[in-house]
Amino acid sequence: GDANLVAGVYYDDDDDDDFESLVVRVRVSDVAQLRHLRDVAFGGGGVSPEELLVRSSFLETYEKAARSLWSRPTPTPEQEKVFATSSNVLTVRGPAGSGKTWCAVAEMREALRTTSKSVLYAASSLALVLKVLDAVRSDRLYVQLFSTKGPRLLKGGLLEEQRLSSPSTTEEFIFDLVVIDEAHHLASPSSERGHLRSVLERRCLVKKTRIWILADASQSLGLVAESHLASKILPSSYSSSTRAVVDLDRVVRSAPRVVDAARVFRVPRALDDTSSRPDLFGKAALPFLMRGGGPQKSAGPAVKTFIFEADSASVAIYERYARTVAEAVLYAKKSLGGGGVSLHRRLAILCPDLEFLKRLHAPLRQNLDSDGSYHLVECASSTPFSSGAAETKEELVYDVVEETHGLEWLVVISCGLDTYIHRSDDEEDEAERTLRTRSLIYRALSRAQYLALVVNEHIEGGFLQWLHHVDYRPPTLPHHLLQRRRRRRTLNRKKNRRKEEEEPEEEEEEESTTTSSSSSDRE
């Protein structure tokens, strides 16, 4: 089924080399094909030294291809619908990893190429802004940060050093295109939303400026549908503008098993038809959790969980978390092939809040630095798409989930995100915390491209409580051999059942024969 990806096969038997090699050139035109190639490359079980060498070099090639596809977007058939829409206000909604920001990057590049006007990109994460600026290099690109102190409207140039500057107050410019990324975080009234609206009122022409709203309600509390965001964010002057909503349902970034796990924590699309709180505890949730897609229907490794019983002392709990996270890092290393594969900027450890992050930092650093191999860095100082070989220590991203909007890593470890599920609306604060926990788990899982790991203490009545009683044992054989074994077992059971049904009749015949013989002897 992958023959259409192969562009050429070459055999190298150079006498100067100590070994022969087979070189395969692969044609990759979009992110979905690249993801599939990645899952195939890492889909094996035990890794030989030769395979380890291939995996290590493959990761470098994979990341170069990912950067190339990011800067030269080629849309999938589903994403083509986004570019085919001509409405003045376009809402693009879809799960994390479906390519919303990726489509916006392509549109911004095209707008800057074909017009002399400026473009505004609004987002809540500095790391995401730097990622977009690296792909869209223009002195006519402006950025708006939702959550930053100081100047809100910043200007990006040809950023060799990824720096931002404030535009002159005397500059007169009108935006041809406005992209509001992670717009679900503007669902509630806030100073950030008010400031963005004032910028739009001053710098946009209702009939000429196009506005793209990118959103996924599941990454917020999920109380406002994506299709309602335009009326909440945009100025009243846009009330009569033409509007459209385009859905992106296919996740092109993450391995299918990661997608299956994250989907459990998504807000149902039925939210569009109601303004009530989403039902997180419906009948469909648990069966899907238990199904998990199964090895025969999924690609990539299963989500690995490290659930432990917590000690009563609050100080000891962070030491226990640190030891368990270090164990998860070692597991990730082995899953990718072992010591020869670098985790430098390829693994992220995500925490629920700043307090947890600070209290875990010292014991975690102590556990990870036992061999002096790792250094912890925050999202803003690490560009995930520039993963290269570390000169000294491998850098692992260590930050809170809120700082990871729009970002992704090969491996993600979610740490301490679970909490007790509050099932009543009587206490509003507790109910909101439950919704926030769902959002945090969803966002953390969906940041992973290939492998997602969950580290948590056992929370009675929490979202992950059931995982404490379930242990997944991966198959040791390929799918087609497993299917053959199951069919053989089924046939054997049927044969044994028929034998059991036939045996009583034979015993009756033997007994009858024996009785007749005894009667003859007496006579």
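Predicted model: local features only at pLDDT ≥ 70, side-chain atom pairs only at ≥ 80, totals over all residues.
Let me begin with the open sheet, in which six strands lie in the order β11-β16-β15-β12-β14-β13 and the pairing is parallel; a strand here is a DSSP run of E with at least two residues, numbered from the N terminus, and two strands pair if DSSP finds at least two bridges between them. At the edges are β11 (304-308) and β13 (374-377), each of which pairs on one side only. From one strand to the next, the twist averages 20 degrees, where axes are lines fitted to C-alpha atoms, for helices over the stretch in contact, and angles between N-to-C directions run from 0 to 180 degrees.

Residues are numbered from 1 along each chain as its sequence is written, and side-chain values use heavy atoms, with hydrogens and water left out.

Looking inside the sheet, strands β15 (residues 409-415) and β16 (residues 448-457) run parallel and are joined by six bridges, and Cys415 has Val455 in β16 as its bridge partner. Helix α11 (residues 354-368) packs on the sheet, where it touches β12 (347-351), β13, β14 (394-400) and β15, and its direction makes about 160 degrees with that of β14; a helix is a DSSP run of H or I with at least four residues, and contact means heavy atoms within 4.5 Å.

Turning to the whole protein, there are 13 helices and 16 strands, and of its 523 residues, 46% are buried, meaning under 20% relative accessible area with a 1.4 Å probe, protein chains only.

Technical notes. Buried < 20%, exposed > 50% of the residue type's maximum accessible area, 1.4 Å probe, protein only.
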